[in-house]
Amino acid sequence: MSHRPRVTVIGGGMITEIQLLPSLYQLQREQVIGEIHVCALDAARIAALAASPTLARAFPGQSFMPHPDPARRPADEPLPELYKEVLAAAPRGSIAVIATPDQCHDAMIREALANDLHVCTVKPLVLQYAQAEEIARIARERGLVVGVEYHKRFDHRSLMARRNYRSGRLGVFRLGQARMIEPYYYRDSNFQNWCTCEYTDMFTYVGCHYVDLVAFITGLRPVAVSVYGIRDRYPNGREGFLWTDARVLWENGACLNVVDAIGYPTGAAGGNDQGLTLWCQGEHDAALLVHSDQYRGVKCHFTSAGPDPGDTLYAEPNPDYFQLLDLGGDGLTPAGYGHRSVEYIIRACCRASAIESLAERRALISRLDAEGIMATPANSSYNELVIEAGRKSVLAGGREVVIDWSDTPAVRFRW
């Protein structure tokens, strides 16, 4: 494509409003991409997104093409198949952004690829290894870039850790602890309609961040997973594994413990509770890596709490994930690793979009796979093996599941 590619976002929820759409608006402002279309399940969600005061303040004069159009559809009419029409109408070689619940990714990514669209998807890519492999095969055949938005990879702390570990300065990973505890008020949100026991769990949804990060830093492969999940009820009565404790073993014998939940107090100062600690072994001494991802050195006491759920008078905000800053000019400018991650993937898709030769697009895909900075189906499918093993384990009360790294990787109960 010789012009700036269109971007079609599927999903109008929280992550689209607070991270994806602001990043896309900024790339549109910089003339990297062209039109932005957003497709949601119903007109009410589209209307709420279009009316966001934060987006209006940050990006005056910018907007997206809505699907469905709130002026033409009843607010609460669900349109679960509309995304297929919207993707089919997108120009070939343009970009699809998938921002929907975990269990929807496989069908939506395949639909995008069937329409010759490059893809940026929120994590995890899919829930099964075979699905990831099939997506990798289709994307390569068609010369389409698929990037998985594991934004913690683009935190400078993570990139520093990767460089230091792979140069030998952190020795050999032995034991690790990670946690991501999301706010309690999430239980009142749309989470209660999809983050339920039959589909996913908190380890799958957010624990995958830290499994991916340990692999990204160390280059090691996971070999066994056990996940203990506590069933809890949402306000609507549906059940979810809202508290999980996972143990992930690695090919060098190392062990990572990952704790996840929707259980961070709504009135607490931080947006959530998250962090990573790795204990490592050198030739003559131990080595240590500690990332305190919740407390980033900023403390504020406001005159009043903000309007959003979880806003508090006293706050310890994260300045590094995603912020909209006044850097002069009209509106605000996105900053942080959340923006850098989206920008990296979208620019990679744009590079491919500008290449007519299938062989050259495939060469670009091979280069992205080999570099390993952006997660792709080919270079990060260990995540899908861990997720598949984790789901098998949590549904069996925490039994250990082994990852068999044979010619055809698969998962099975150890006993």
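**Figure 1. Helices H9 and H12 cross at roughly 140° in this predicted model.** Helix H9 covers residues 202-218 and helix H12 covers residues 382-394, and their axes come within 10 Å. Because of this angle, H9 is oblique to H12. The crossing of the two helices is right-handed. On the H9 side, the contact is made by Phe203, Thr204, Cys208, Val211, Asp212, Ala215 and Phe216. H12 contributes Tyr382, Asn383, Val386, Ile387 and Arg391. Sorted by class, the residues in the contact of H9 with H12 are eight nonpolar, two polar and two charged.

**Figure 2. The second largest pocket has a volume of about 250 Å³.** Its lining consists of 18 residues. Those nearest the centre of the pocket are Arg166, Ala215, Asn379, Ser380 and Tyr382. Ala215 of H9 and Tyr382 of H12 also belong to the contact between these two helices. Elements giving two or more residues to the pocket lining are helix H7 (156-166), H9 and helix H11 (358-371). H11 supplies the largest share, three residues. Seven nonpolar, five polar and six charged residues make up the lining of this pocket.

**Figure 3. The largest cavity holds about 40 Å³ of space.** One cavity of 30 Å³ or more is found when the whole structure is searched. The largest cavity is lined by Lys152, Asp155, Arg157, Ser158, Leu213, His291, Asp293 and Arg296.

**Figure 4. A cis peptide bond links His67 to Pro68.** Omega of this bond is about 0°. Pro68 is part of the loop that runs between strand S3 (65-67) and helix H4 (82-89).

**Figure 5. The peptide bond from Lys123 to Pro124 is cis.** Here omega is near -15°. The loop that holds Pro124 lies between strand S5 (118-122) and helix H6 (129-142).

**Figure 6. Gln31 has a positive phi, although the residue is not glycine.** The phi value of Gln31 is near 60°. Gln31 sits in the loop between helix H1 (14-29) and strand S2 (36-39).

Definitions and conventions. Residues numbered from 1 in each chain as written. Predicted model: local features only at pLDDT ≥ 70, side-chain atom pairs only at ≥ 80, totals over all residues. Heavy atoms only, no water. Axes fitted to C-alpha atoms, helices over the stretch in contact; angles between N-to-C directions. Helix = DSSP H or I, 4+ residues; strand = E, 2+ residues; numbered from the N terminus. Parallel < 35°, antiparallel > 145°, perpendicular 65-115°, else oblique. Left-handed = near helix turned anticlockwise from the far one by under 90°. Contact = heavy atoms within 4.5 Å. Nonpolar A, V, L, I, M, F, W, Y, C, P; charged D, E, K, R; others polar. 1 Å grid on protein atoms, 1.4 Å probe; cavity = no way out; pocket = protein on both sides within 12 Å on 5 of 7 lines; lining within 4 Å. Points joined across faces, edges and corners; volume = space filled by probe spheres on them.
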